[in-house]
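User: I'm new to this and would like to learn how to read a protein model. Could you walk me through it, feature by feature?

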Amino acid sequence: SCEMGIIMGREFCGKGYAKSACRLVIKHAFEMLNLHRIYLGVVSENKKAIKLYDELGFVKEGIEKDMHLYNFKYYDVIRYRMLEDEYLTIQNNIQSD
């Protein structure tokens, strides 16, 4: 298993770099490192990241209430995961289209 995360500068947002980078990391994790599971956490206010992880096929596992403190305010963290068989299903669906 491994934990994944990505941080992008605002000037790079919306250009597809995050999606491309995540796809490469996911492919490497499952196809080269033979990992079984990738997991991550995303602050609930980060709507762009949530959309990205949903589009990539990550599965929401739960919410950690008030997990992240930033500027004197607590935020929930959404936990996601992708298992190897879920990744393979996504790849098979892409190849079938």
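Predicted model: local features only at pLDDT ≥ 70, side-chain atom pairs only at ≥ 80, totals over all residues.

User: Let's start with a strand. Which residues of strand S2 lie on its covered face, and which on its uncovered one?

Analyst: In a regular strand the side chains alternate between the two faces of the sheet. Here, S2 (residues 37-43) has Ile-38, Leu-40 and Val-42 on the covered face, with Arg-37, Tyr-39, Gly-41 and Val-43 on the uncovered one. Residues are numbered from 1 along each chain as its sequence is written, and side-chain values use heavy atoms, leaving out hydrogens and water.

User: Which strand joins S2 by 7 bridges?

Analyst: Two strands pair if DSSP finds at least two bridges between them. S4 (residues 73-83) is joined to S2 by 7 bridges, and the two run antiparallel. One of the partners is Ile-78 in S4, bridged to Val-42.

User: Okay, now the inside. Which residues touch the most other members of the largest nonpolar core?

Analyst: A nonpolar core is a set of buried Ala, Val, Leu, Ile, Met, Phe, Trp, Tyr and Cys residues joined through side-chain atoms within 4.5 Å. Buried means under 20% relative accessible area, exposed over 50%, and partly exposed in between (1.4 Å probe, protein chains only). This core has 20 residues, and Met-4, Ile-26, Tyr-53 and Phe-58 touch the most other members. H1, S2, helix H2 (47-56) and S4 each supply at least two of its residues.

User: Why does the pair of Phe-30 and Tyr-87 count as stacked?

Analyst: Rings of Phe, Tyr and Trp (its six-membered ring) pair if their centres lie within 6.5 Å; planes under 30 degrees apart are stacked, over 60 edge-to-face, the rest tilted. Phe-30 and Tyr-87 have ring centres 5.0 Å apart and planes at 25 degrees, so they're stacked. Tyr-53 and Phe-58, by contrast, are edge-to-face, at 5.7 Å centre to centre and 75 degrees between the planes.

User: Last one: how many disulfides are there?

Analyst: A disulfide is a covalent bond between the sulfur atoms of two cysteines. The cut-off is a pair of sulfur atoms within 2.5 Å, and this structure holds 0. Take Cys-22: its sulfur is 11 Å from the closest cysteine sulfur, in Cys-2, so that's too far for a bond.

Terms used
Helix = DSSP H or I, 4+ residues; strand = E, 2+ residues; numbered from the N terminus.
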